[in-house]
Amino acid sequence: MTVTRLVFSGCFAALLIWGCTTVVCLVDEKETVQPTITAVYNSTETMISDVTGQTSLPFACGDNSHQCVRLCGLCHDHNIPTMECLPALYLHLCLTKFEDAMNSLNSSEWCIWGNVNSLYSNLSHCTEEISDCLLIPWPNPLVEQTFVDIHSRFFQDCPTEELSDPPPAIILALVITPICLIPVMVSLVVLKTKNGDGSS
């Protein structure tokens, strides 16, 4: 059985605001076709929508996963550009979870990497996923500032392992050994040359 597709292109009175679109109709209604994505152009912005009219965003979204469509929809519903929406999404979806999890620990446990490793990784993954959905490069200055703020708030009092000088006995051994080897090497060279064993 073949499916015949009729394609109508044109501008309709209701769509004059948004521009022209393409409509796909099936002659045989028993066959189903997945909705195709079409771009509808206006003179000032691009609207992304499917043929069923269910999704309409003034910007591109990372992929068609439910999570990305939901995140992009939040920005669109509140009429916020993606770069201005990004901090709000980070705050409500990533930072709140991280802060709640950190506050559930004692402050003395914050400095133990085993306790915060998964929380830290989840925060990093969350910020990356949101940035990818909004098609904003990751890492970006906002992510960097977010992690700097987290470090100054939660990890500022954690001891750091700084490199220190080795004990004096080890320093003395490392300095004296080459100094003592130089006269020995010179003596061997002179001895070889004096006996005539040197080949030149």
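Colleague: On what basis are the residues numbered, and what pLDDT do side-chain atom pairs need?
Modeller: Residues are counted from 1 along each chain as its sequence is written, and side-chain values use heavy atoms, with hydrogens and water left out. Because the model is predicted, local features need pLDDT of at least 70, totals for chains, interfaces and linings use all residues, and side-chain atom pairs count only at pLDDT 80 or more.

Colleague: In what order do the elements of the protein chain run?
Modeller: Helices (H or I, at least four residues) and strands (E, at least two) are DSSP runs, numbered from the N terminus. The secondary structure comprises five helices and five strands. From the N terminus on, the order is β-β-β-β-β-α-α-α-α-α.

Colleague: What percentage of the 200 residues of the protein chain count as buried?
Modeller: A residue is buried under 20% relative accessible area, exposed over 50%, and partly exposed in between (1.4 Å probe, protein chains only). By that criterion, the buried part of the 200 residues is 22%.

Colleague: How far apart are the end C-alpha atoms of helix 3?
Modeller: The expected span of a helix is 1.5 Å times one less than its number of residues. Helix 3 (residues 113-133) has 21 residues and should therefore span 30 Å. The distance in the model agrees with this, at 29 Å.

Colleague: Which helices are included in what covers the buried residues of helix 3?
Modeller: The buried residues of helix 3 include Val116, Leu119, Tyr120 and Leu123. Contact means heavy atoms within 4.5 Å. The cover includes helix 1 (66-77), helix 2 (82-103) and helix 4 (141-154).

Colleague: Which residues is Met102 in contact with, leaving aside neighbours within four places in sequence?
Modeller: Met102 is among the core members that touch the most others. With those neighbours left aside, its contacts are Trp110, Val116, Leu119, Phe154 and Phe155.

Colleague: Is Thr146 buried or exposed?
Modeller: Thr146 is placed in helix 4 and touches Tyr90 and Leu95, not counting residues up to four places away in sequence. Because its relative accessibility is 8%, Thr146 counts as buried.

Colleague: Which residue forms a salt bridge with Arg153?
Modeller: A salt bridge is a side-chain nitrogen of Lys or Arg within 4 Å of a carboxyl oxygen of Asp or Glu. The whole structure has one. The pair links Arg153 in helix 4 to a residue of helix 2, 54 residues apart. The closest N and O atoms are 2.9 Å apart, and the partner is Glu99.

Notes:
A nonpolar core is a set of buried Ala, Val, Leu, Ile, Met, Phe, Trp, Tyr and Cys residues joined through side-chain atoms within 4.5 Å.
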